[in-house]
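Hello,

Here is the structure I promised to pass on. My notes on it follow below.

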Amino acid sequence: MSGYGQPPHYGNYGQPNYNQQAPPQQGYNQYGSQPTQPGYGGYQGQQPTGYAPPPAQPYGAAPYGQPPAQPNPDAELWSWFKAVDGDNSGKISVTELQAALTNANWTTFNAETCRLMIAMFDTDHNGTISFDEFRGLWRYLQEWRQVFSKFDTDKTGVINAQELSVAFTQMGFRLSSQFVNLIIARYDPQSRRGLKMDMFIQACVLLKQLTDAFRSRDTQQNGTIRISYEDFMSMVVLNKP
């Protein structure tokens with residue numbers, strides 16, 4: 001769905017507001033949105049987990065008697081972008097992004113998650129992202145890492161069913177434990193009973209998209225809809241990550 005590009009904004013139905021705007025300021029209302037995360041968009045001095053570290057910047061020493069020059073965030077981001085842009089095309093493809101991103105256990109990000117994220121920020125719809133588009137993607141990942149870290153309470157690098165249930169509840173999603181287990185089974189292909197960072201993002205994006213599609217049909221806002229077979233199939237196909 002076009003226009004998506006941001007981590008969770010917790011609002012009525014549920015989940016990140018992907019509009020490439022400022023980080024989430026409020027939790028998902030009623031159906032499921034993302035909780036406000038203080039410190040969104042910043043690592044507070046820590047290197048974001050799952051990112052290939054940007055190459056060290058050769059900042060020269062400041063002249064004698066002057067304070068040291070401050071690192072340029074864009075320069076660091078540009079160095080990382082160039083390191084990921086393996087064919088020097090000035091664009092990052094799904095394959096290049098996947099090779100650069102890792103989960104906490106050093107496995108590479110799922111290809112479908114990378115395609116999903118590139119599609120969110122690919123404003124010219126050419127299947128790749130430029131440096132300007134990459135800035136938004138970088139902030140987006142930072143914010144998701146903040147969310148993931150908050151709910152990964154045992155710091156295993158994996159969100160288990162109990163942690164996922166807490167996460168969905170705080171995001172405003174009213175979901176049963178049976179549904180949470182279904183999500184785990186669907187997005188945990190290795191049967192480790194938990195979601196890594198990449199699959200957590202993918203699952204939350206799916207919930208957001210389907211919840212928005214449901215809400216657009218829930219004219220009475222009572223949590224029930226009447227839907228035709230073809231409309232239902234269209235909703236699922238269009239919102240499948």
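**Packing of H5 and H7**

Helix H5 (residues 161–171) packs with helix H7 (residues 197–217) at an angle of about 40°, and their axes lie 13 Å apart. Axes are lines fitted to C-alpha atoms, for helices over the stretch in contact, and angles run from 0 to 180 degrees between N-to-C directions. H5 and H7 are therefore oblique to each other (under 35 degrees is roughly parallel, over 145 roughly antiparallel, 65 to 115 roughly perpendicular, the rest oblique).

Which residues make the contact? H5 supplies Leu164, Phe168 and Met171; H7 supplies Phe200, Cys204 and Leu207. Contact means heavy atoms within 4.5 Å. By class, the contact of H5 with H7 has six nonpolar, no polar and no charged residues (Ala, Val, Leu, Ile, Met, Phe, Trp, Tyr, Cys and Pro count as nonpolar; Asp, Glu, Lys and Arg as charged; the others, Gly among them, as polar).

**The whole chain**

This is a predicted model: local features need pLDDT of at least 70, side-chain atom pairs count only at pLDDT 80 or more, and totals for chains, interfaces and linings use all residues. Residues are numbered from 1 along each chain as its sequence is written, and side-chain values use heavy atoms, with hydrogens and water left out.

The chain has eight helices and two strands (DSSP runs numbered from the N terminus: H or I of at least four residues, E of at least two). Along the sequence the pattern reads α-α-α-α-β-α-α-β-α-α. Of the chain's 241 residues, 45% count as buried (under 20% relative accessible area, 1.4 Å probe, protein chains only).

Best wishes

Note on methods. Buried means under 20% relative accessible area, exposed over 50%, partly exposed in between (1.4 Å probe, protein chains only).
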